[in-house]
Amino acid sequence: MSGSLFTRLAAALATTEIDEKLALTTGIAADWRAGRLDWRDETPLELRCGRPARPEIVPPKAVPQRSPTTPEGRARLLHAIVHIEFTAINLALDHAARFRGLPQAYYADWIGVAAEEAEHFSLLRERLASYGHDYGDFPAHAGLWEMAEKTAHDPLARMALVPRLLEARGLDATPPIQRRLVENGDEASARALDIILRDEIGHVGLGDRWFRTFCEQRGSDAETTYRELLHTYKAPRPATPMNEKARLQAGFSAAELAALAKKR
Ligand SMILES: [Fe+2]
Ligand SMILES: [Fe+2]
């Protein structure tokens with residue numbers, strides 16, 4: 001062992017430098033695999049989430065429409081996804097950093113996810129560069145991170161509302177985006193999203209597994225608890241049509257998908 005996992009996670013989370021965040025995140029994953037990080041450390045740490053000065057953060061409604069028929073629209077669309085991937089790095093780091101005393105596998109899972117999100121970010125940042133743009137060039141919104149803050153007190157709520165709700169919404173949103181990119185001649189970005197969609201099924205699957213584990217430990221029914229949490233947190237229900245195939249692979253049951261598809 002050569003150091004506290006949590007100190008390393010906190011540093012990766014806090015940095016506002018993009019390249020440093022990517023390097024610290026992949027460094028944690030490598031040291032974790034080599035068995036060099038102590039996950040039993042109980043020293044309390046203050047967690048701060050760092051992001052660069054740009055993009056400018058604006059309310060969701062102030063993010064302009066992104067019609068993919070023009071190069072500018074496709075660049076804005078890709079920028080929005082690059083921002084999601086950047087936020088996803090911070091989310092996975094925070095899942096692992098914030099909640100102590102959980103099984104080793106929990107930390108392994110979210111360290112692995114953080115490293116994959118860093119790959120997704122770089123992959124899509126390259127696609128954005130092909131349009132002559134970089135991360136930060138357009139405004140973005142902070143909706144994803146707000147849910148992290150609201151669930152900072154409870155890993156059960158965090159698993160339900162971040163991976164199992166918000167990342168699952170990404171599974172639904174991706175195939176239509178891919179179609180629009182292909183229709184407008186950007187096959188390369190659509191293929192990058194194939195890789196991301198495959199990995200994201202895994203992330204939602206981990207969220208599903210840990211959510212069910214925490215529900216079981218508390219003696220509550222997972223699928224009922226999930227719908228109660230959506231209500232309590234005034235969270236959006238999935239937009240239909242859902243990507244049922246991907247959601248079933250990630251661990252949702254067909255009965256739960258049917259219940260979620262019903263209007264309240
Ligand atoms: Fe991702
Ligand atoms: Fe993800």
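Q: Welcome! To start, how many cavities of 30 Å³ or more does a search of the whole structure find?
A: The model here is a predicted one. The search covers the whole structure and takes in cavities of 30 Å³ or more.

Q: Which helix gives the largest share of the lining of the largest cavity?
A: This cavity has a volume of about 30 Å³. Its lining is made up of Cys 49, Arg 51, His 83, Phe 86, Thr 87, Asn 90 and Trp 145, and these divide into 3 nonpolar, 3 polar and 1 charged. The largest share, 4 residues, comes from helix H3 (residues 71–98).

Q: Let's move to the metals: which residue coordinates both the iron ion (ligand 1) and the iron ion (ligand 2)?
A: The iron ion (ligand 1) is held at 2.0 to 2.3 Å by Glu 85 (OE), Glu 117 (OE), His 120 (ND1) and Glu 200 (OE). The two iron ions, ligand 1 and ligand 2, lie 3.6 Å apart. The residue that coordinates both is Glu 117.

Q: How many residues apart in sequence are the parts that Glu 117 and Glu 200 tie together?
A: The donor residues of the iron ion (ligand 1) follow the spacing E-x31-E-x2-H-x79-E. Glu 117 sits in helix H4 (residues 104–129) and Glu 200 in helix H7 (residues 187–217), so the pair links parts whose separation in sequence is 83 residues.

Q: Is Glu 200 buried or exposed?
A: Buried means a relative accessible area under 20%. For Glu 200 the relative accessible area is 10%. That places Glu 200 among residues that count as buried.

Notes
Residues numbered from 1 in each chain as written. Chains lettered and ligands numbered in written order. Predicted model: local features only at pLDDT ≥ 70, side-chain atom pairs only at ≥ 80, totals over all residues. Heavy atoms only, no water. Donors = N, O, S within 2.8 Å, 3.2 Å for Na, K, Ca; no water. Helix = DSSP H or I, 4+ residues; strand = E, 2+ residues; numbered from the N terminus. Buried < 20%, exposed > 50% of the residue type's maximum accessible area, 1.4 Å probe, protein only. 1 Å grid on protein atoms, 1.4 Å probe; cavity = no way out; pocket = protein on both sides within 12 Å on 5 of 7 lines; lining within 4 Å. Points joined across faces, edges and corners; volume = space filled by probe spheres on them. Nonpolar A, V, L, I, M, F, W, Y, C, P; charged D, E, K, R; others polar.
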